[in-house]
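My notes follow the order in which I checked things.

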Amino acid sequence: HLVLVAGISGAGKSSAIHMLSDLGFYIVDNLPVPLLPFFLEFSKSSSARFQKIAVHVDIDSSKKLSQFLELLRLIDPERHIPALGPR
């Protein structure tokens, strides 16, 4: 199980992460967006420890949002992930 908790500051990410921790998820707090694919690959190497993962990603700029959406497309190419429109 993988839960990605992403959003802007003040959106309630920390509260969600604390709840997921209480539910037994392995928590990765404030992972930089470019490191997400590397962590996901690493997590496959130790299946017992990483059965349930929650990753907190802070999205505080349009650049990070674009990077995050592109990574989601790579992780799950079958799922429709909308393109970032003009701002």
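The entries below go from the whole chain to single residues.

**Ground rules.** I am working with a predicted model, in which local features need pLDDT of at least 70 and side-chain atom pairs count only at pLDDT 80 or more, while totals for chains, interfaces and linings use all residues. Residues are numbered from 1 along each chain as its sequence is written, and side-chain values use heavy atoms, with hydrogens and water left out.

**Fold.** I looked up the secondary structure and found three helices and three strands. I take these as DSSP runs, numbered from the N terminus: helices are H or I with at least four residues, strands are E with at least two. From the N terminus, I read the order as β-α-β-α-β-α.

**Whole-chain totals.** I checked burial next: 31% of the 87 residues count as buried. Buried means under 20% relative accessible area, exposed over 50%, and partly exposed in between (1.4 Å probe, protein chains only). The chain exposes about 5900 Å², and carbon and sulfur atoms supply 57% of that area. Areas come from the Shrake-Rupley method with a 1.4 Å probe; for residues, only the protein chains shown count as cover. I then turned to contacts, meaning heavy atoms within 4.5 Å. Of those with a separation of 6 or more, 63% join residues 24 or more positions apart.

**Helix H2.** Which residues of H2 are buried? In this helix, residues 36-43, I noted Leu36, Phe39, Leu40 and Ser43. They lie on the same side of H2, because they cover an arc of only 100° around the axis. I took the arc from the directions from the helix axis to the C-beta atoms. I looked for their cover and found that it includes strand S1 (2-7), strand S2 (26-28), S3 and H3. The face turned away from the buried side carries the exposed residues Phe38 and Glu41.

**Salt bridges.** I searched the whole structure and got four. The criterion is a side-chain nitrogen of Lys or Arg within 4 Å of a carboxyl oxygen of Asp or Glu.

- I found Asp58 bridged to Lys13, with the closest N and O atoms 3.4 Å apart. This pair links distant parts of the chain: Asp58 sits in strand S3, Lys13 in helix H1 (residues 13-22), 45 residues apart. Asp58 is buried at 19% relative accessibility, and Lys13 is buried at 8%.
- I found Lys64 bridged to Asp60, with the closest N and O atoms 3.1 Å apart. Lys64 is partly exposed at 29%, whereas Asp60 is exposed at 52%.
- I found Glu70 and Arg73 joined at 3.3 Å, N to O. Both lie in helix H3 (residues 62-75), three residues apart, about one turn of the helix. An α-helix has 3.6 residues a turn, so residues three or four places apart point the same way. Glu70 is partly exposed at 39%, and Arg73 is partly exposed at 26%.

**His56.** Is His56 buried or exposed? I read 8% relative accessibility, so His56 counts as buried. I placed His56 in strand S3, residues 53-58. What does His56 contact, leaving aside its neighbours within four places in sequence? I listed Val5, Lys13, Ile17, Val28, Asp29, Asn30 and Leu31. Lys13 was already in my notes as the partner of Asp58.
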